[in-house]
Amino acid sequence: MRLGPSPGDTGRFVGAWSDLAGVGRDHLRGGYSRHAFDDAEMQLRDWFTEQATRRGLDVETDRNGNLWAWWGEPAPGAVVTGSHLDSVPGGGAFDGPLGVVSALLAVDELRLRGLTPARPIALACFAEEEGGRFGLPCLGSRLLTGAVDADHVRRLHDADGVSVADAARRIGLDPAGLGPDPARLATVGTMVELHIEQGRLLRAVDPAAVVGVASEIVAHGRWRLTVTGQGNHAGTTAPADRADPMIPAAAAVLAARRVLATHPGAVATVGRITPVPGGTNVIASSVSLWLDVRHTDATVTAAVVDAIVADVRAEAAAEGCTVMVQRESMSDRVTFDPGLGLELSGRLGAPVVPTAAGHDAGVFAAHVPTAMLFVRNPSGVSHAPDEHADAADCVAGVRALADVLETLVGDINPAAGHLGAGDE
Ligand SMILES: [Zn+2]
């Protein structure tokens with residue numbers, strides 16, 4: 001039986017959390033912009049390295065730019081926990097860093113309990129989880145597990161034209177080393193990622209629940225549509241002479257909403273649109289827009305994309321424009337290890353909920369038993385500055401993560417007076 005959060009626990013959480021508060025603030029968009037390998041993300045990585053080192057953990061960067069901090073010698077069967085330090089543009093404070101901070105504090109909690117792990121524990125920070133810089137989410141975990149072609153990744157570039165290869169070089173990584181890392185993957189026995197809940201399903205299932213356990217991630221993907229027309233003068237070009245790519249682009253925005261009426265359970269979003277050249281008195285010559293589509297079933301996700309693209313093509317034909325469609329990423333539905341989920345749900349008294357948000361844990365689920373814990377988010381807002389979790393709930397999340405780690409690693413000295421647990 002555990003006591004409720006003590007002032008000391010909350011103080012430790014608030015102390016660690018305040019270290020991050022000033023890093024990567026986006027004064028233009030609000031919230032935080034921390035992108036893979038940029039100054040803000042590197043500052044957070046340094047912070048993590050310092051915190052882990054202070055705890056006596058051995059920190060290393062793998063060949064794909066993911067950070068690992070080891071409690072115990074790296075060896076097959078390790079229990080891995082962690083999350084990511086990057087954000088979407090103008091994102092919230094909790095998405096990613098909460099899982100990293102909670103992992104560090106869970107180590108403290110386990111030591112306070114006197115646990116000596118029978119299996120190694122690794123804390124991990126995965127690179128470019130949001131795809132906010134290079135467009136491909138879960139880049140670090142996909143590279144590590146071989147879920148994406150390394151040559152393709154090396155050629156991806158950010159909005160300033162910097163390639164993944166150049167960005168990797170800048171932080172001292174050898175771009176030739178990017179790619180599958182089977183030896184590293186073999187060390188991962190079980191993966192548990194703690195994350196702020198994105199959405200409000202937890203509250204819908206149990207209004208009193210502070211922590212939930214994930215059952216699945218729905219199928220989701222990103223598509224880039226490039227509509228090309230004829231750049232021209234906004235004042236002197238008669239309506240009949242226009243080939244304005246913004247018109248089919250507008251059709252995409254509207255179709256993304258209207259198509260949902262015939263595809264229950266699906267969501268589709270145009271969250272990013274870039275006209276070229278982008279002048280008030282200029283008819284654009286081309287428009288790029290990015291479509292995000294999600295549904296439990298990957299075939300429905302594909303049908304939604306097809307329906308939206310059909311509307312864009314029809315509008316483009318009428319306007320004298322052309323359309324190019326490029327799939328940037330696709331993640332099939334992920335079901336987390338049901339036995340592990342049930343065990344953790346029982347241990348924590350936490351409800352089991354699905355999510356429509358992607359995570360590195362979803363990438364690892366194809367290889368090792370994987371689970372996720374969600375900490376409640378009263379408003380459900382995420383990927384925006386208003387994202388929030390109460391400190392007391394975050395502390396409860398740390399305790400839940402510590403309970404889970406304790407259950408998973410076992411103790412070489414279970415007579416030490418705390419709740420020892422079996423190895424499996
Ligand atoms: Zn996240």
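Okay, quick definition before the first helix pair: the axes here are lines fitted to C-alpha atoms, for helices over the stretch in contact, and the angles go from 0 to 180 degrees between N-to-C directions. And keep in mind that what you have on screen is a predicted model.

So, first pair. Take helix α2, residues 39-54, and helix α3, residues 97-112: their axes cross at roughly 10° and come within 11 Å. Angles under 35 degrees count as roughly parallel, so α2 is roughly parallel to α3. Who's doing the touching? On the α2 side we have W47, F48, Q51 and A52, and on the α3 side V100, V101 and L104. Sort the residues of that contact by class and you get six nonpolar, one polar and no charged.

Now the other pair, α9 with α10. Helix α9 covers residues 246-258 and helix α10 covers 298-319; they pack at about 155° with the axes 8 Å apart. Anything over 145 degrees goes down as roughly antiparallel, so that's the label for α9 against α10. The crossing of these two is right-handed. If you want to click through the contact, α9 brings I247, P248, A251, A252, A255 and A256, and α10 brings I308, D311, V312, E315, A316 and E319. By class, the contact of α9 with α10 has nine nonpolar residues, no polar ones and three charged ones.

Right, on to the metal. Which protein atoms hold the zinc ion? The donors are NE2 of H84, OD of D95 and NE2 of H195, at 2.0 to 2.1 Å from the zinc. Along the chain, the spacing of those donors reads H-x10-D-x99-H. H84 sits in strand β3, residues 78-84, while H195 sits in strand β5, residues 188-196, so the two histidines tie together parts that are 111 residues apart in sequence.

Are those histidines buried or exposed? The cut-off for buried is under 20% relative accessible area. H84 comes out at 0% relative accessibility, so it counts as buried. H195 is at 1%, so H195 counts as buried too.

Last stop, V205. You'll find V205 in helix α8, residues 201-205. Leaving out residues up to four places away in sequence, V205 touches P351 and V353.

Conventions. Residues numbered from 1 in each chain as written. Predicted model: local features only at pLDDT ≥ 70, side-chain atom pairs only at ≥ 80, totals over all residues. Heavy atoms only, no water. Helix = DSSP H or I, 4+ residues; strand = E, 2+ residues; numbered from the N terminus. Parallel < 35°, antiparallel > 145°, perpendicular 65-115°, else oblique. Left-handed = near helix turned anticlockwise from the far one by under 90°. Contact = heavy atoms within 4.5 Å. Nonpolar A, V, L, I, M, F, W, Y, C, P; charged D, E, K, R; others polar. Donors = N, O, S within 2.8 Å, 3.2 Å for Na, K, Ca; no water. Buried < 20%, exposed > 50% of the residue type's maximum accessible area, 1.4 Å probe, protein only.
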